[in-house]
Amino acid sequence: MSKCQILKSREGALTETNKVLKSAVWYTASNLLIKASGFITVPIFTRILTQSEYGQYNNFLSWAAVLGVVCSMSLESTLISAKYDYRDNFSQYAFSISCMGVCFACGWWLMVVCAMGPASTIMDLQPVYINAMFIYLAFQPVVNIFQAYERFQFKYVATVVTSAAVSLGSALMSVALILVANLGLMGAIAGRVVPMATVGIVLMMILYRQGKKIDVSAWKYALPIALPFVPHLLAMTLLGSLNKIFIQQMYGAEQNALYSLANNCALVISLLTTSLNGAFAPWLGEKLAEHNYEITKRLSRPYVGLFALLASGVCLLAPEIMLILGGEEYLGAAKLIPAISMGAVFQFVYCMYVNIEQFEKKTVGMAAASVSAAGLNALLDYLVLPKYGYEFAAAATALSYGWLLFVHMLLVKRMGLTKAYDTRYILLSLACCGVVFWGVSLLYSNIAIRVLCGLIVAVVLIKQLPRLRQAMSS
């Protein structure tokens with residue numbers, strides 16, 4: 001290869017790296033925007049809604065979350081493999097599965113309407129709110145698929161604009177309908193539904209202009225991949241809720257409040273997982289399609305190291321984060337953060353292996369892994385919480401996520417693709433995280449040492465970023 005060709009190759013790789021990194025940064029920003037708007041509306045809603053209305057609103061959100069898993073089937077998860085199997089008509093594929101998501105949600109809506117009486121009793125929601133929920137669920141898959149479609153092309157502007165329109169639009173409209181129109185609960189729910197439906201219609205028109213027509217073969221392609229996601233996501237939703245249910249029943253609302261706030265504190269780490277994986281998955285798909293396992297293996301080291309450092313930083317700041325979110329009466333729950341953080345690190349790493357399973361279209365094992373992890377969490381809660389107290393709930397969830405990672409590593413090993421990552425480095429990093437998080441929990445009473453450790457983490461983090469960029473540009 002001539003010197004000129006080498007330079008052009010390096011320039012192309014650098015351009016691709018910048019594109020991926022920009023996508024990661026902006027996708028993280030859009031996720032922060034969504035989460036921030038959610039945090040802002042909580043104290044507002046508790047003050048402008050009655051206690052009964054606020055309880056019903058959260059009941060609406062809970063059912064929307066559960067039914068959203070069933071209605072959407074996580075069709076956007078099929079894009080990691082479809083980008084290559086449908087490389088010549090990727091836009092048509094995205095439009096086709098968007099239509100599929102809308103049709104599937106409407107099918108569930110029709111079944112619920114036919115049994116509206118029992119459904120209203122079970123959900124403890126009035127029919128008007130159930131109908132509003134299904135309008136929301138009909139367009140949610142469109143938004144999710146469009147954002148994933150843009151990410152897999154390393155485009156970030158539309159993703160940020162979409163996130164802003166949905167999240168900020170929901171917050172502003174809900175508050176306006178409650179305060180100005182005095183609509184109470186109806187205003188809160190309408191403010192949630194209208195922006196999602198409006199943005200969904202606009203995005204469907206955009207996807208139609210690019211995709212032109214529905215490809216039924218895309219439906220046949222997506223279903224076998226997406227269907228196993230239903231029990232997988234339901235189990236993961238249950239995995240995140242079991243502790244709160246058990247703590248509420250065994251120890252009451254006060255301990256549940258402590259655990260819930262500590263869990264919300266660790267959502268910062270989960271947000272990092274979602275954001276980094278949103279940019280990593282498209283890049284990984286390209287390299288797997290090229291069978292370029294050497295570069296994915298090399299990248300896995302700084303990628304895991306970067307996340308471990310970020311999680312360590314959050315862990316170090318746990319008392320301050322708890323103080324900001326809940327006040328001094330919640331400071332005692334800071335001791336739960338290390339175990340919750342460890343669970344979040346396990347969650348981050350298992351997502352790396354799930355990406356490979358999605359690319360290979362081997363998703364049946366994912367459902368079994370998630371159900372087994374949820375079952376393990378329930379068993380640990382039932383057996384150990386009465387004896388050791390609610391604090392063990394965080395450790396139970398961490399162990400369950402550790403088991404989930406172990407199963408996914410075995411599934412990828414059966415595919416013969418463990419060579420895609422540096423397994424030894426990953427396991428060593430996990431062991432180091434366990435030691436570091438335990439050590440950090442002993443330092444919460446000494447702010448000077450924690451500040452010093454935080455500075456060390458920041459320095460190492462800054463040095464880690466060039467390694468990540470260099471690995472991606474290779």
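Of the contacts (heavy atoms within 4.5 Å) in the protein between residues at least 6 apart in sequence, 82% join residues at least 24 apart. The model is predicted, with local features needing pLDDT of at least 70 and side-chain atom pairs counting only at pLDDT 80 or more, while totals for chains, interfaces and linings use all residues. Residues are numbered from 1 along each chain as its sequence is written, and side-chain values use heavy atoms, leaving out hydrogens and water.

**Overall**
- The protein has 19 helices and zero strands (DSSP runs, H or I of at least four residues for helices and E of at least two for strands, numbered from the N terminus).
- Of the 474 residues, 52% are buried (under 20% relative accessible area, 1.4 Å probe, protein chains only).

**Helices α5 and α6**
- Helix α5 (residues 116-123) packs against helix α6 (residues 127-151) at an angle of about 90°, with the axes 10 Å apart (lines fitted to C-alpha atoms over the stretch in contact, angles running from 0 to 180 degrees between N-to-C directions).
- That makes α5 roughly perpendicular (65 to 115 degrees) to α6.
- Met116, Ala119, Ser120 and Met123 of α5 meet Pro127, Ile130 and Asn131 of α6 in this contact.

**Aromatic pairs**
- The structure holds 12 aromatic pairs (ring centres of Phe, Tyr or the six-membered ring of Trp within 6.5 Å).
- Phe307 and Phe348 are stacked (planes under 30 degrees apart), because their ring centres lie 3.9 Å apart with the planes at 0°.
- Phe307 lies in α13 (residues 293-316) and Phe348 in α15 (residues 337-359), so the pair ties together parts 41 residues apart in sequence.
- Tyr350 and Tyr401 also form a stacked pair, 6.4 Å centre to centre with 20° between the planes, and both are buried.

Note on methods:
Parallel < 35°, antiparallel > 145°, perpendicular 65-115°, else oblique. Buried < 20%, exposed > 50% of the residue type's maximum accessible area, 1.4 Å probe, protein only. Phe/Tyr/Trp six-rings, centres within 6.5 Å; stacked < 30°, edge-to-face > 60°.
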